[in-house]
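Please read it alongside the sequence and the model shown here.

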Amino acid sequence: MKVKKKSSVPADSVKEQQKKQKGKGKMKMKIPEVKQEKQQPEEVDSDSVYDSGAEDERSLSNHEDMSGGEGSDSEDYPSIRDTDSEDEESGSSENEGELNTSRNDGLAIDHGNEEDSDSSGLHEAVEESDSSEDEVAPRNTIGAVPLEWYRDEKHIGYDLTGKKIKKKEREDKLQSFLASADDSKNWRKFLDEYNDEEVEVTKEDMKTINRLLEGKAPHGDFDPYAPYVDWFKWDDSKHPLSNAPEPKRRFIPSKSESKLVKRLVLAIRKGLIKPRKDEEEEEESVYPLWGDDSNSTEKDGSHLSYIPAPKPKLPGYEESFNPPPEFIPTQEEIDAYQLMYEEDRPKFIPKRFTSMRSIPAYENAIKECFERCLDLYLCPRVRKKRINIDPESLKPKLPSRKDLKPYPVKCYLEYRGHKDTVTSVSTEVSGQWIASGSLDGTVRIWEVETGRCLKLWEIGEAVTYVAWNPNPEYSVLAVSVGQDVLILNTGFGNEEVQKKTKELLSAETPTTSDDTATFVSWIQDETHEGTRLRHFKTVSSVEWHRRGDYFSTVVPAGQSKSIFMHRLSQKSTQTFSIKLGGLAVTSVFHPVRSHIFISTKKTIRQYDLVKGKQIRKLDTGLKEISSIAVHPSGDHVIVGSREGKFCWFDMDLSTKKPYLIRQWHKKDINNVSIHRLYPLFATCSDDCTVQVSHGMVYSDLNQNPLIVPLEILRGHASSDGRGVMDCKFHPRQPWLFTAGADSVIRLYCD
């Protein structure tokens, strides 16, 4: 809205003033010199009369000066200048000339034109358009979406029509440097990342920036010293702007405030709000430096019990410069002091001086001062309360060994027949027979109750592992010999079992893919009437699945091809290609689910055989894993190591670290075993001992497993630094079979 200023001076007086000004000549005026944060007033001849008409003309000339003096801004603010500064300076001088002529000409116009130009010029800045048509809408319409989302895309957004705005090719640093050297205006260009356009700052923008840096208005036509415009007419006014009577609510007490005050009073009475107390100036406390702290009433509340700093004893007669004769030692006593220990030797030997002037400096003054400082620094300032506790009460309360029976205690039977170290034993499902393999190249079948050797196979190579098929429908034994795994028919069982076993072993070998054939090949072994699986490298262990049709073999040197899954009914092999991060040691099937545990020297991984992915990884923290065993529930894993330690993992805790770590052996643990029915587990070591322990697992997740060591079984002799090589529990009885390096197999019973 434009407001037209009305002059309070009549038109006749204005015309008279103009005639006087024409008679005297033109007014002499200078352009104000604008400096940083300072503006000098305009100079006017002393003969000029500043009446109301002259003031209007002066305001008009000031307004024209502000609108036409843009060229002089670059001279006043030289902080940012471009290469065309010379052109700007010439433009500013021309503008100054035009400004002077416009001022001189403006004095000669008539009063009517002067009033119109004055009112329109004064309120030109007031009438600013707030329309959004002046603003240029951005080309990119993605809004507040960060541009990092389009980092890997070929476009940076979409325009108003919905088309993609493709990214422009960026110039390398060499091209941009050459372009900046050739183009003098290159420093005024910058990249608009939002619209992906190169924008050049114009001269008008530079002037605006200069004015902003100097703390001025961005527009050059803005007059900060415009004359005041009164919006109201005060002539013949008798009343204020509003003559309305005072409202009634200003004289009536507020009900809402009274309710608030009542609530605050009630809260203060209940103690919910405590009024502020005036802070009293605390007097400076003085500490008695040489006083007695034992009777001091001022105690530091930061400690539970207050103990004053220790102070040295007061000097006695010995420290006097002229002590009594009975305190002065003789020469013999002084010589006797030299023969004493330094702790028992007196620290001060009294001497007699005739006067205090003859007393020399104390030799140990600096040393004793230092020791005194140490005493004050290292003195415990809190009195420690000793609690009389019986050491026996700190031991965990374990159940009695009598309550944990039955468990193997003594050797009941020995199985002798092997001529070298027995490396592995395995029990049959029913518990009637056991199989053993030795380094002498033989595999034997023993009757458990009598100890007789019922069958013998001469393999010719060292046997490293034997495993009996857990399915009672088949009488099959797997034997690991070097790079081969022999599937043998033991010949035990009724006619139906033997028939199924022969059909299983006599099945034709199907054709396998070339990839699998390079690692494992199925061969019919006529010598031992079985099947031979030849691997590309040495096999360390064989483990059966609970159904008896699948079994796994471990090839430690195979790296990514170290685990193989075999199916006996179809005589097929599947490679378990995984990255273990180390050499494979052994593998065990899950007793309930279709999972498999694979251990390396440092970690244990659990894999789902159906989905073919890893479920969890267990970090043992041991130097080297030797064997693992899984609890029949499948939620607990026992791990043995080469350093004599074993770990117990609880899967219900969902942690990667072991629940319990114990070291019950001095040498390497060769094998760990868990009983299927009884809460028993055993570890055998090269120190010729077998540790039998009680391991009870509860269905309540809030109760931890109970692990109690029960018995240490001895009896095996050491051979070439090796002790007990393997241990297996009886499938139905609390009996334990152990295989030693002394070529003897022992049966321990309860």
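In this predicted model, E21 and strand E22, which covers residues 595-600, are paired in the antiparallel sense over 5 bridges. Within that part of the structure, Ser587 is the residue that stands opposite Ile598 in E22. The two strands belong to an open sheet of 4 strands, whose order is E21-E22-E23-E24 and whose pairing is antiparallel. Strand E21 (584-589) and strand E24 (613-619) stand at the edges with a single partner strand each, so that one side of each is left without a neighbour in the sheet. On average, and with direction ignored, neighbouring strands of this sheet are turned by 20° against each other.

Another open sheet is likewise described by 4 strands with antiparallel pairing, here in the order E8-E9-E10-E11. Its edge strands are strand E8 (422-427) and strand E11 (453-458), each of which pairs on one side only, and the twist from one strand to the next averages 15°. Strand E9 (residues 433-438) pairs with strand E10 (residues 442-447) in the antiparallel sense, over 5 bridges, and Trp433 is found opposite Glu447 in E10.

What is the state of the cysteines, and how many disulfides does the structure hold? The structure holds 0 disulfides. For Cys369, the closest cysteine sulfur is that of Cys373, at 4.5 Å, which is too far for a bond, because a disulfide requires the two sulfur atoms to be within 2.5 Å.

| Residue | Class | Relative accessible area |
|---|---|---|
| Cys369 | partly exposed | 46% |
| Cys688 | buried | 13% |
| Ser685 | buried | 0% |

Ser685 lies in strand E30, which spans residues 680-685, and it counts as buried because its relative accessible area of 0% is under the 20% limit. Which polar atoms are found around the side chain of Ser685? A polar atom of this side chain lies 3.2 Å from the backbone oxygen of Lys667, and a polar contact of 3.2 Å also joins the side chains of Ser685 and Asp687. When its neighbours within four places in sequence are left aside, Ser685 is in contact with His665, Lys667, Asp668, Ile669, Asn670, Gly723 and Val724.

Terms used
Residues are numbered from 1 along each chain as its sequence is written. This is a predicted model: local features need pLDDT of at least 70, side-chain atom pairs count only at pLDDT 80 or more; totals for chains, interfaces and linings use all residues. Side-chain values use heavy atoms; hydrogens and water are left out. Two strands pair if DSSP finds at least two bridges between them. Axes are lines fitted to C-alpha atoms, for helices over the stretch in contact, and angles run from 0 to 180 degrees between N-to-C directions. Buried means under 20% relative accessible area, exposed over 50%, partly exposed in between (1.4 Å probe, protein chains only). A polar contact is a pair of N or O atoms within 3.5 Å; within protein, one must be able to donate a hydrogen and the other to accept it, and residues adjacent in sequence count only if both atoms are side-chain atoms. Contact means heavy atoms within 4.5 Å.
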